[in-house]
Amino acid sequence: FRTAAARYAVAGSAPAHRVCSCFIFPILPYQLGCPVHRVFCDGWECISSRQSTCLTLIPMPQTITARRLLTLEGVLDHPVITIEDGIIQSIPAGSIYFGGSDPGRMLVTALCESQIQGKPFFTLTQNALSDVRYLDYLRAMYGKWIVLPTTNQVQTALDDYTADLQRRVEHDREFPGEPRQVKPGENYRMVDGKLQPGGPVSVMAIHARLVKVILEHNPKREFYLEESYPMELLYPYLSPHGLIFKLNHEPLRQLTAAMLEADHAFWTKQCAAMLGDWLKPDTSVSNVCSFARAVYERKDYSHFKGDREFVTNEFAPKAFSKLRVSIAGLYQWRLMQHPDATVRARLETAANEAFQQAFALCPTSPEVLYRYVNFLLFQGRMDDAVMLASTAQELTPDNEQYKQLLKQLLNFQQQQNMKAAH
């Protein structure tokens, strides 16, 4: 891993030179030369930020510092190999890959043969697609191979989303008795009578439109995506692909039984290696919470058959639970859309298993907890939702958000019990 990371740090000076030369920014030898030189002279510990001179000129979200790489190395040999096999080796050469989280973007970039030459595939981050400077960086590096959004297309994506949000805001104002169309987290404000969207949910909705622009203008390339924030606009195009998603060129009418079975087999194997071979599709929430308390709270490994180094690592459980809950979210969205009872039953089973695995991998993850609770409430499983929130709160007793969530759920549970009694 350190060899790959050192190679990445050395190769990193090339895109920095290339990007800055496009904007006629001088780079002095001591600014990029010395950190690269120290890779060879002083060893790993002295690698410094390879993009330090560009940081104030061109933001490059895929850059990585030595300290960050050392943190990522904490994923341990087993999960790092899984990241390489589960993502890099699974993507055909010449594809376009959208990374989202730190491991899905930084580790993949560090372990690929050559980021700047798109070998074996082109790596982009979905988190900065509306940043004109980031697009300039991508054009300087990949522009002769792939088609990227123009400035006008970025503006069109922003205008399209703003108009859509405006319609939904007006709907919610005019029809307060109907289900709200503005999604949780879609922030906006009115400035001089005009709506201005804001917040990560809105930003990623704009970026989803730009992902579609890239998808449509590169029809001969395959696409893969590792989710950062949920992008509902892309859900019709996504199918499970190991740790990540395949982004299909056309919307899928449904996820086939073969797709669900392949995903089940892949993650059953992964979780067996990491957590032990006990987590089944019919495992109860109570048993999952008992496992979480024993392993993550009491550090009781007397019956634990998984990888102890994995569950005691600060970084690895978060990384893999994030990957799993992303797929669970796709299943839940599909479940809410499909009218066929047989298909819904398959999706419900797949979603339930994926959420359980994500929680068992990292029961303190806020994203896993809130998305899993949302799924349980959607199914009318209030008792399970309370049990889940209670476990997460016990594992992180100082987390005020978890305390408030548990309080709200207990209030809802009490109201339900009172109605049932009458």
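Mentor: Let's start with the count: the structure holds 16 aromatic pairs (Phe, Tyr and Trp rings, Trp by its six-membered ring, with centres within 6.5 Å; planes under 30 degrees apart are stacked, over 60 edge-to-face, the rest tilted). Keep in mind that this is a predicted model, where local features need pLDDT of at least 70 and side-chain atom pairs 80 or more, while totals for chains, interfaces and linings use all residues. Residues are numbered from 1 along each chain as its sequence is written, and side-chain values use heavy atoms, leaving out hydrogens and water.

Go to Phe122 and Tyr142. Their rings sit edge-to-face, with 5.1 Å between the centres and 80 degrees between the planes. Phe122 belongs to strand β2 (residues 122–125) and Tyr142 to helix α7 (residues 132–142), so this pair ties together parts that are 20 residues apart in sequence (helices, H or I, at least four residues, and strands, E, at least two, are DSSP runs numbered from the N terminus). Phe122 and Tyr142 are both buried (under 20% relative accessible area, 1.4 Å probe, protein chains only; over 50% is exposed, in between partly exposed).

Now slide along to another pair, Tyr134 with Tyr137. This one is tilted, with its centres 5.8 Å apart and its planes at 40 degrees. Tyr134 and Tyr137 are three residues apart in helix α7, so about one helical turn separates them. Tyr134 is buried, and so is Tyr137.

While you're in this area, have a look at Phe121. You'll find Phe121 in the loop between α6 (102–111) and β2. Its relative accessibility is 1%, so Phe121 counts as buried. Who does it touch? Setting aside neighbours within four places in sequence, Phe121 is in contact with Ile88, Ile91, Pro92, Gly94, Ser95, Tyr97, Val108 and Cys112 (contact means heavy atoms within 4.5 Å). Thr109 is 12 residues from Phe121 along the chain, and their C-alpha atoms are 9.9 Å apart.

Next, jump to the ring cluster. Trp278, Phe291, Tyr296, Tyr301 and Phe304 are linked into a cluster by ring pairs. Follow Tyr296 and you land in helix α11, where Tyr296 is among the residues that meet α16. The α11 side of that contact is Val285, Ser286, Cys289, Ala292, Arg293, Tyr296 and Glu297, and the α16 side includes Asp384, Met387 and Leu388. The axes of α11 (residues 285–297) and α16 (residues 382–395) come within 10 Å and cross at roughly 5 degrees, which means the two helices are roughly parallel (under 35 degrees; over 145 is roughly antiparallel, 65 to 115 roughly perpendicular, the rest oblique).

Finally, zoom out. The protein has 17 helices and seven strands, and buried residues make up 50% of its 422 residues. Take the contacts between residues at least 6 apart in sequence: 68% of them join residues at least 24 apart.

Technical notes:
Axes fitted to C-alpha atoms, helices over the stretch in contact; angles between N-to-C directions.
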